[in-house]
Structures are given as structure tokens and as C-alpha cells.
Amino acid sequence: MRYGPTIRGGWQAAILCCALLGGPLFAQVSSYGDKQSGDNSGDQLPQVLQKVGVSQHLNQQLPLDASFVDDTGKTVKLGDYFGKHPAILSLVYYNCPMLCSEELDGLTGALEMVKLTPGKDFDVVIISIDPSETPETAAAKKAFYVKRYGRPETASGWHFLTGQRPAIDAVTNAVGFGYVKVPGPDGKLTQFAHASSIEIVTTDGKLAQYYLGVEYSPKDMLLGLIDASGNKIGSPVANILTYCYHYDPQTNKHSLIIARVVQFGGMVTVAGLGGFMFLMFRRDVNSAREHDLTKKENG
């Protein structure tokens, strides 16, 4: 089974993003020390986002020999999670102030409605793109999301990994996940500009499907996992990206953007309701006139 191009995300994704782009995707992984964020000019993307994106490398083999540390502190190979089941892969960082949590929330919410079992039918592999993060941080994130998922017996199917730059870059390059390291508002806090996506990976470790945004269709995810269990490769999805970068808690820039999008969405909703009410009112008036004319003709 192969899927036609689809758009995943929508207003929910737009409300949570820093920028939304339709068009070509960028696979470039910027220099890890790049701290230039750039400024917005009109509708142009900030300079930092020109180096960020997701290029869909369908059928690309993941580096199964890449070494990571799991949430228990054990050294593992990425290939340890393949061979029996397909997997869902997510590239985030655990101390992300906004978008990564929304991505994992969306993933967990979708999996709640997928009638498959992590650890038995598939695995969930989360990899931090921040080499400074620790297994303790990964363990805390895992505990949070396994609890939120509501099925503690599936904990063995959730894998929250940390690693060093060579292993991280090997995976992000294979996935086509472009990201940039940027300074926080105090010049010290490390943050990353990145886009939001999850990937379905076949049992032999090849990229089978991309889902972009922060909310995912349970039906698409189920079909993707079923296909990936047979090592089938899906089709590219529509090029819509949700970005996260340079969160500033003092100026609260993300909240300002969210507020503006919510305001715009509210205006659209009000306009739509107003138009609907106007049309219904006109229909009622016309019905009343026709009724009066009928009465006069019959009178």
C-alpha cells in the first residue's frame, strides 16, 4: 500500500509554531557552532531557518551501528531496536522550551488511538539532538510520557536516547533533519532551531514514512506501521514545516506569535459564523415571503 501526498498538521500545528512554510525543504545540517539567528524582514524567514528543515529521505538506511546511551545509562546501538518490529523515530531535545514537547504530546495522543502495542508490535525511539543532555533527563522524559500514555506495561517499548555529536549527526544526516545550535536569550542557555517531524522506520531500519507538524493522524500512523512491518516504503507528504527556535522567556516571543495566530483564527471563526448566520437569516426571510405569497394566492 502506498499513500498519496497528504498534509498533516493544520491549525493546531500553526498555533504552536514559530514559522510555517510551504515549499522546498532543506536537508542542510548547519555547523554545530553556528549561533547566528538572523532577523525577520517582512514575510521572509529568519536567516537561521534558512538552514533548518526536513528532507524526506525515503528508503534511506539508518546508521544502525551508531552508539547511544539509553534512559537507564546503558550504552546501546541504534540497531538494537530493529530486526523484529518497525519503529517510530523522533528527533528532539529534552530541554526544548516549546515545540519538542508538543511533538511528543501529539505522538503520544495519536498512539493512544492506535490499536498496537509498543514493545510488542513496534518501538518508539526518541533521540536527543543535544549532546549535553544526560540519561537522567531522558529517563524523566520517558517516565512522563509512559505515564501520559497510560499503559505502564509498555515501558520497554519506549526508548529515550542521548549521545554524542558523531552519532547524532549520523542519524540526522540519514533522516534529512537540518538543525542549528543557537544561543538562548541570556547568551548561555543552549537551544536549537529545528523543524518538527516524526518518521516511521521499517523492521530493517529504513525510513518508510514522514509525518510533519505536531499532530498526527492515528489512522495514517497505523497504516504506516503496518506497511513498515512488511518493509514497505511510503510516499512523500506535503512540504509543510513547523519550526521552533530562539525561545525568549523575557520577551515571550513565542507567546506573542501564538496570540496573533489565535487572534487571526478567532477573526476567521467569527467571520465564518457571521456569514453562516447571515445566510440562514436570508433563507428564513425568503421562506417567510414565499409562505405569505402562497397564503395570498390561496386566499
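Start by selecting strand β5 and strand β10 (residues 197-201), which pair in the antiparallel sense over four bridges. A word on the names: helices (H or I, at least four residues) and strands (E, at least two) are DSSP runs, numbered from the N terminus, and two strands pair if DSSP finds at least two bridges between them. Pick Ser 90 and you'll find its bridge partner in β10, Ile 198.

Before moving on, some ground rules. This is a predicted model, where local features need pLDDT of at least 70, side-chain atom pairs count only at pLDDT 80 or more, and totals for chains, interfaces and linings use all residues. Residues are numbered from 1 along each chain as its sequence is written, and side-chain values use heavy atoms, with hydrogens and water left out.

Now show the side chains of β5 (residues 87-92). Six of its six residues are buried, so the strand is largely enclosed by the rest of the structure; buried means under 20% relative accessible area, exposed over 50%, partly exposed in between (1.4 Å probe, protein chains only). In a regular strand the side chains alternate between the two faces of the sheet. Here Ala 87, Leu 89 and Leu 91 are buried on one side, while Ile 88, Ser 90 and Val 92 are buried on the other.

Next, select strand β6 (residues 123-128), which runs parallel to β5 and is joined to it by six bridges. Look for Leu 89 opposite Val 125, and for Val 92 with its bridge partner Ser 128.

Zoom out to the whole sheet. Which order do the strands take? The five go β7-β6-β5-β10-β11, in an open sheet with mixed pairing. At the edges are β7 (158-161) and β11 (207-212); each has a single partner strand, so one side of each lacks a neighbour in the sheet.

Helix α2 lies across β5, β6, β7 and β10, at about 165° to β5. Axes are lines fitted to C-alpha atoms, for helices over the stretch in contact (heavy atoms within 4.5 Å), and angles run from 0 to 180 degrees between N-to-C directions. Helix α5 (residues 218-229) also packs on the sheet, touching β5, β10 and β11.

Last stop: Leu 62, in the loop between β2 (53-54) and β3 (67-69). Is Leu 62 buried or exposed? With 3% relative accessibility, Leu 62 counts as buried. Leaving out residues up to four places away in sequence, its contacts include Leu 78, Phe 82, Leu 89 and Val 201.
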